[in-house]
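Dear colleague,

I am passing on the structure below, followed by some notes on what came out of it. Please read them with the model open beside you.

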Amino acid sequence: MRSDHRDDADEATTESNENRPSVVELADVSFGYTSTPVVEDISVSIDAGEYVAVVGPNGSGKSTLMQLLLGLLEPDTGTAELFGVDATAFDDGARVGYVAQRAGTSREMPITVREVVKMGRFPHVGFGRLSAADWRIVDRAIDTVGMSAFADRRITQLSGGQRQRAFIARALAGEADLLVLDEPTVGVDTESVDAFYGLLDSLHAEGITVLLIEHDLQAVTEHAERVICLNGEIYFDGPSAEFTDSAALARA
Ligand code: ADP
Ligand code: MG
């Protein structure tokens, strides 16, 4: 197993503070599932500790962009780097927590919430046994998303919103430096959405890099610091306070 990634981060800091690689670095990235490009000429740089929301119409390439920056898809042209290394070669799973779009809609796995969240510790322990400290992290993550009462419930017996919260807890249990969340609040009730954004705000305050796809523009401007508006290419990238829907749409 690899050593604790936080040691590596400390090393990098002492080596060169001013040249610290950004968390995400996309340069002139284009990609299409067929010969038609879905995203074109995307250049984005995201530094450690930023809180960024990606917005744009359905089918505008938001989920594709996330998969490119995570190295789950390979650019046709251009380069994608994650923590300073080629994203497709990146293998330090403990540094990244990813909640895919509609994570909560999977009904196949008849496993409990605690078993789902336990998987968040796998990058740290391999498939070996979790220590008591690992289990405390698991239970804290479950508590954080308000799912303690359902910890031993099979996820097939939960609502979509509750399942979504279990997958968010799994990402939290990984104690990653970067959280990537693709429309995480779809199907989650209003009260839990508020709690979820409170949680993201506190994670951001702790220095975690948060990258979020969100269709609720009010939540975006209230919580995220920076907005990237996508429609195949980038129509807006700047402080969320300066983002207005009409400004972006006028250019789209
Ligand atoms: P968004 O997340 O903004 O809704 P996506 O990145 O999911 O957009 O999709 C962008 C475009 O790529 C859409 O036209 C979609 O139909 C297409 N697309 C997405 N995933 C696939 C796939 N696995 N195979 C083929 N086409 C896809
Ligand atoms: Mg999407």
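In what order do the 4 strands of the open sheet stand? The order is β2-β1-β4-β5, with antiparallel pairing, where strands (E, at least two residues) and helices (H or I, at least four) are DSSP runs numbered from the N terminus, and two strands pair if DSSP finds at least two bridges between them. This is a predicted model, in which local features need pLDDT of at least 70 and side-chain atom pairs count only at pLDDT 80 or more, while totals for chains, interfaces and linings use all residues. Residues are numbered from 1 along each chain as its sequence is written, and chains are lettered from A and ligands numbered from 1 in the order in which they are written.

Because β2 (39-46) and β5 (85-86) each have a single partner strand, they stand at the edges, and one side of each is left without a neighbour in the sheet. Strands β1 (residues 24-31) and β4 (residues 77-82) are joined in the antiparallel sense over 5 bridges, and Leu 26 stands opposite Ala 80 in β4.

Leu 69 touches both Leu 26 and Ala 80, as well as Val 24, Leu 82 and Ala 87, leaving aside residues up to four places away in sequence; contact here means C-beta atoms, placed from the backbone, within 7 Å.

Ligand 1, finally, is surrounded by residues including Tyr 33, Val 38, Lys 62 and Thr 64, each with its C-beta atom, placed from the backbone, within 6 Å of the ligand.

Methods
Contact = placed C-beta atoms within 7 Å.
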